[in-house]
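The following report describes the fold and overall dimensions of a single protein chain. The sequence and structure are shown first.

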Amino acid sequence: NARQFTPMCSACKAQYVCEGIARSEAESGLLCTHCNHLPSPASLATQLAVQIRKHIREYYAFAVVCDEPACGLTSRLLPVSGSKCLRSQCAGKMQQVYPDKLLYHQIQYFAALLAVDRSATRLETTSAQILTLRDRHPEHIMRLSAVVDSYLAVSARKFVNLSSLFSFCHT
């Protein structure tokens, strides 16, 4: 349920879905689907960073919604009484609209767009064919990967501090 990377082409000014390394076995997924223009590495990297920041901003909005279909209350106020709905008559629970797990999965999706094995699996082809497409635009892939990696590097979602988790076991 991740949202696609949709950069704007600098040539035709249209938005297109960027499919990562490969759109097909012989076509790069970085090319504009309208005019086949390849935007500059800086343009694509900046647009990817802007889209990631948009997702981060959505996460930090802390919007919550009641899970009771009849209620459907949406708020940015955190309930004082745990996850109980803010309406007194409602028995529903408030849940985050955009939780941290969803944000992490979105950034992981952007990283997967640049993964050779993921593209090979999606297109049901060999990694060697995808590598030739990747090697056509090395600076683009390097810049986009650097953007995604910079956001994944500061994410604590993938780390579990086992020493603090099992601190009660120490003698």
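Among the contacts in the chain between residues at least 6 apart in sequence, 58% join residues at least 24 apart. The model is a predicted one, and its secondary structure comes to six helices and three strands, which follow one another from the N terminus in the order α-β-β-β-α-α-α-α-α. The chain is more spread out than a compact globule, because its radius of gyration of 21 Å is well over the 16 Å that the globule rule gives for 171 residues.

| Property of the chain | Value |
|---|---|
| Span of the C-alpha trace along the principal axes | about 60 × 50 × 30 Å |
| Buried share of the 171 residues | 35% |
| Accessible surface | about 10300 Å² |
| Share of the accessible surface belonging to carbon and sulfur atoms | 57% |
| Distance between the mean positions of the 18 positive and 12 negative charges | 9 Å |

Turning to the sheet, the three strands form an open arrangement in the order 2-1-3, with antiparallel pairing. Strand 2 (74-75) and strand 3 (94-96) stand at the edges, and each has a single partner strand, so one side of each is left without a neighbour in the sheet. In general, the strands of a sheet pair through backbone hydrogen bonds, in either a parallel or an antiparallel manner. Here strand 1, comprising residues 64-66, is paired with strand 2 in the antiparallel sense over two bridges, and within this pairing Val65 stands opposite Thr74 of strand 2.

Terms used. Residues numbered from 1 in each chain as written. Predicted model: local features only at pLDDT ≥ 70, side-chain atom pairs only at ≥ 80, totals over all residues. Heavy atoms only, no water. Pairing = 2+ DSSP bridges. Helix = DSSP H or I, 4+ residues; strand = E, 2+ residues; numbered from the N terminus. Rg over C-alpha atoms; globule rule 2.2 N^0.38 Å. Buried < 20%, exposed > 50% of the residue type's maximum accessible area, 1.4 Å probe, protein only. Contact = heavy atoms within 4.5 Å. Areas by Shrake-Rupley, 256 points an atom, 1.4 Å probe, with all protein chains shown as cover. Lys, Arg positive; Asp, Glu negative; His and termini not counted. Charge placed at Lys NZ, Arg CZ, Asp CG, Glu CD.
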